[in-house]
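Hi,

Here is the structure I promised to pass on. Have a look at it first, and my notes follow below.

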Amino acid sequence: AQAHLILGCVLSDARRYEDSLASLRRARSAFRRQSDAERASAAAVNIGHLLLRQANALDGAGDPREAARCRRHARRHYRAALDSGRPRLGAIMAQTAMADCELGLGNVAQAHALLAQAFGFLEPHDPAPVVARVHRYLGEVHRQEGRLQEASRHLHAALEAADTIEGDGLAVDCRHALSRLAKDLGREAEAGRWEKDARTVRDRRRAAMADFRRRMRPTWDRYLRREPG
């Protein structure tokens with residue numbers, strides 16, 4: 001079951017969405033048969049993440065109707081995971097992901113309610129990825145509601161946390177969000193600076209990842225690569 005769960009996540013990263021979904025469903029079913037509610041809940045969350053990623057890809061491909069269907073499907077899986085019981089940090093992440101679905105479906109009030117609850121669950125010294133995502137989506141909610149000063153406060157808090165996370169695109173996303181906020185405030189020059197900074201951070205992180213892969217390649221070839229046959 002754990003192997004299927006990990007394989008499903010790998011296939012999702014490779015954008016093999018149908019194969020990923022099949023593997024994650026096998027993992028969830030196996031965990032249920034073992035009466036392992038916590039891991040079954042984790043599998044449901046990962047199915048939600050997969051469907052949300054697929055929705056974003058469909059948006060990019062110009063298929064909003066199918067993207068909305070994936071978001072509604074993802075939302076059901078996040079809700080099922082929450083209803084079955086999640087650890088505090090897991091519940092915060094599931095609520096934040098549900099809020100992302102609601103925003104994509106145009107349900108700003110529902111997203112705000114979820115994020116307000118998630119924000120209330122945060123504690124000092126929580127991991128940066130959790131803190132950054134809650135602030136990031138709260139900032140977007142406030143921006144769409146026209147509360148621009150609140151949006152600025154949350155987005156800058158998100159950026160501060162996101163800049164400490166290695167190998168995560170959230171730092172770039174926060175800069176794009178701050179660019180949109182600057183446009184809403186009529187600050188076109190500032191918006192341009194945030195977009196330029198987003199590209200710089202994105203390129204720097206891609207270069208760092210490429211360098212890491214280059215340096216790790218000899219270790220991979222020596223110890224991990226399987227010989228043909």
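**Salt bridges and the rest**

D19 and R16 join their side chains in a salt bridge, at 3.0 Å from N to O; by salt bridge I mean a side-chain nitrogen of Lys or Arg within 4 Å of a carboxyl oxygen of Asp or Glu. D19 counts as partly exposed because its relative accessibility is 37%, and R16 is partly exposed too, at 45%. The cut-offs are under 20% relative accessible area for buried, over 50% for exposed and partly exposed in between (1.4 Å probe, protein chains only).

Before you go further: this is a predicted model, so local features need pLDDT of at least 70 and side-chain atom pairs count only at pLDDT 80 or more, while totals for chains, interfaces and linings use all residues. Residues are numbered from 1 along each chain as its sequence is written, and side-chain values use heavy atoms, with hydrogens and water left out.

Back to the charges. How many salt bridges does the structure hold? The count is 20. One of them pairs E145 with R147, at 2.4 Å from N to O. E145 is partly exposed at 31% relative accessibility, and R147 is partly exposed with a relative accessible area of 45%.

Another salt bridge links the side chains of R153 and E150, with 2.8 Å between N and O. These two sit three residues apart in helix α8 (residues 148-162), so about one helical turn separates them. (Helices are DSSP runs of H or I, at least four residues, numbered from the N terminus.) R153 has a relative accessible area of 46%, which means that it is partly exposed; E150 has 31% and is partly exposed as well.

There is also a salt-bridge network, which links R136, E140, R143, D173, R180 and D184.

Next, a histidine to click on. H142 is part of helix α7 (residues 128-145). Is H142 buried or exposed? H142 counts as buried, because its relative accessibility is 8%. Leaving aside residues up to four places away in sequence, H142 touches H112, R147, L148, E150, A151 and H154, where contact means heavy atoms within 4.5 Å.

How much of α5 is covered? Mostly, α5 is covered, with 13 of its 17 residues buried. After α5 comes G106, with a positive phi near 85°.

On the surface, I6, L7 and V10 make up a nonpolar patch with about 260 Å² of accessible area together. Patches take residues with over 30% relative accessible area and no salt bridge, joining like charges within 9 Å and nonpolar side chains (Val, Leu, Ile, Met, Phe, Trp, Tyr) within 5 Å; the areas come from the Shrake-Rupley method with a 1.4 Å probe, and for residues only the protein chains shown count as cover. L7 belongs to helix α1 (residues 2-13) and is partly exposed, at 40% relative accessibility.

Last one: D197, in helix α10 (residues 188-224). D197 is partly exposed, given its relative accessible area of 28%. The C-alpha atoms of D197 and A68 are 31 Å apart, and the two residues are separated by 129 residues along the chain.

Cheers
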